[in-house]
Amino acid sequence: MSTATRFIHQSHASRIVFGRGRRHEAAQELRTLGVRAPLCVSSPGSAAAVAGVAASLADGALAPAATSDRARMHVPEHLVDEHVRTVEESGADSLVAVGGGSAIGLAKAVALRTGLPIVCLPTTYSGSEMTDVWGITKGGEKRTGRDARVVARVVVYDSELTDSLPRSVSGLSGLNAVAHAVEAVYAPDTSPLVAVTAGEAIAVMTRALRGLDGGWNDRDRDEALYAAWLCGICLDSTTMGLHHRLCHLLGGRFDAPHAATHALVLPFVLRHQEPWLPAAHRELMARSADGGDLCTELLRLARAFGAPSGLRQLGVGLDDLAPIARRLAQGSPPGISPNDEESLLALLRALHEGSLAPPVDSVGDRRVPR
Ligand code: NAD
């Protein structure tokens with residue numbers, strides 16, 4: 001779709017093992033890495049999944065050095081300290097993360113301090129398993145950074161591990177993944193490969209999410225996980241823009257739930273950017289919505305999965321909007337739409353109300369109703 005003649009493409013290389021039931025190959029993957037005694041981490045919600053993986057490792061004659069189900073959202077520093085001590089005391093030689101972004105985030109933070117290799121078995125669609133981004137929270141402040149030490153050496157995508165995900169978590173996490181692909185399309189460092197990957201990712205994930213109400217079968221879960229992998233590649237390969245920056249601000253300042261916040265914000269930020277998207281990008285988005293309006297479809301899905309109806313529901317007051325707009329405008333993220341305080345405030349007001357403007361066409365720098 002792209003006629004780009006000048007770009008840089010960069011991503012990190014992880015070995016990907018994809019397929020239902022393939023978690024049982026994790027022991028072999030660890031052996032290939034030359035390690036035999038992992039610390040297995042999960043969050044309380046994915047504790048059953050990590051217990052199953054630990055049992056499967058034992059069947060493969062690999063005894064986990066230790067197991068923990070204590071991962072929490074945003075990686076509190078005291079948990080990192082505790083788990084680094086567990087590594088030292090247990091003699092763990094590797095990290096196995098079974099869970100969503102919280103479990104993977106904890107493994108990354110421990111790897112940053114210990115240098116141990118990570119094997120990820122994702123159970124949500126957060127995409128963290130594909131990136132070199134780490135985050136650690138202390139005293140309400142989340143520090144983030146990029147480091148090659150936190151890149152997973154192997155990612156095992158086994159959709160059986162997602163069978164126990166509640167419908168709303170599947171749906172909201174899927175929309176979180178779509179946000180990575182959408183922002184990759186118009187990222188300043190996008191590439192033809194990213195554009196193709198993002199187009200496929202948005203189309204496959206939105207198709208899967210549309211079918212979630214009827215209940216998912218094994219094939220649907222595979223499709224969603226496949227799309228999540230592609231979305232993770234998009235996240236890893238490009239610089240995220242206005243949407244991710246706004247969600248990060250809301251998460252830090254209002255303790256907003258990660259996936260639900262992404263699900264709410266995405267249709268509004270995309271509507272804000274839409275008139276300034278090149279025609280090829282607009283066509284790509286429209287194709288993902290079967291020719292319909294992607295923003296309307298994303299908002300319908302977000303509501304169906306229980307996302308908040310507006311920023312108001314996240315505890316954001318009307319008085320908070322101007323300071324947020326100021327912060328966003330100051331650290332002006334890479335983007336294509338005008339990111340001055342006034343237009344960002346208009347975006348935030350719409351988000352606060354939860355009222356999505358109708359689609360508009362772009363003609364030069366004028367917005368013309370369709
Ligand atoms: P999460 O890991 O907290 O999981 C969401 C919910 O799903 C939790 O309640 C969890 O217990 C439950 N769950 C997970 N697996 C389950 C299973 N198999 N069965 C039943 N329930 C299960 O949340 P998330 O949305 O996956 O990740 C969010 C975190 O990841 C945030 O801290 C975010 O900042 C981080 N993140 C980081 C990156 C990165 O590149 N560093 C990318 C995306 C997200």
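These legends describe close-up views of a predicted model. Residues are numbered from 1 along each chain as its sequence is written, and side-chain values use heavy atoms, with hydrogens and water left out. Local features need pLDDT of at least 70 and side-chain atom pairs pLDDT 80 or more, while totals for chains, interfaces and linings use all residues.

**View 1. The ligand lies between two domains.** Domain 1 (15-162) and domain 2 (167-369) both give residues to the shell, so the ligand lies between them; the bounds come from an automatic or database domain assignment. Of the 22 residues around the ligand, Ser102, Thr123, Thr124, Thr131 and Ser164 come nearest (a residue is near if one of its heavy atoms lies within 4 Å). Helix α4 (residues 101-114) gives the largest share of the shell, 3 residues (helices are DSSP runs of H or I, at least four residues, numbered from the N terminus).

View 2. A polar side-chain atom of serine 102 lies 2.7 Å from a ligand oxygen atom. For a ligand nitrogen atom, the distance to a side-chain N or O atom is 2.6 Å at threonine 123 and 3.5 Å at lysine 108. Taken alone the ligand exposes 870 Å², of which the protein buries 82% (Shrake-Rupley method, 1.4 Å probe).

View 3. Strands β6 (residues 133-138) and β7 (residues 141-146) pair in the antiparallel sense over 6 bridges (strands are DSSP runs of E, at least two residues; pairing needs at least two bridges). Isoleucine 136 stands opposite arginine 143 in β7. The hairpin has 2 residues between the strands, and glycine 139 takes a positive phi near 55°.

Technical notes: Polar contact = N/O pair within 3.5 Å; in protein donor to acceptor, adjacent residues only side chain to side chain.
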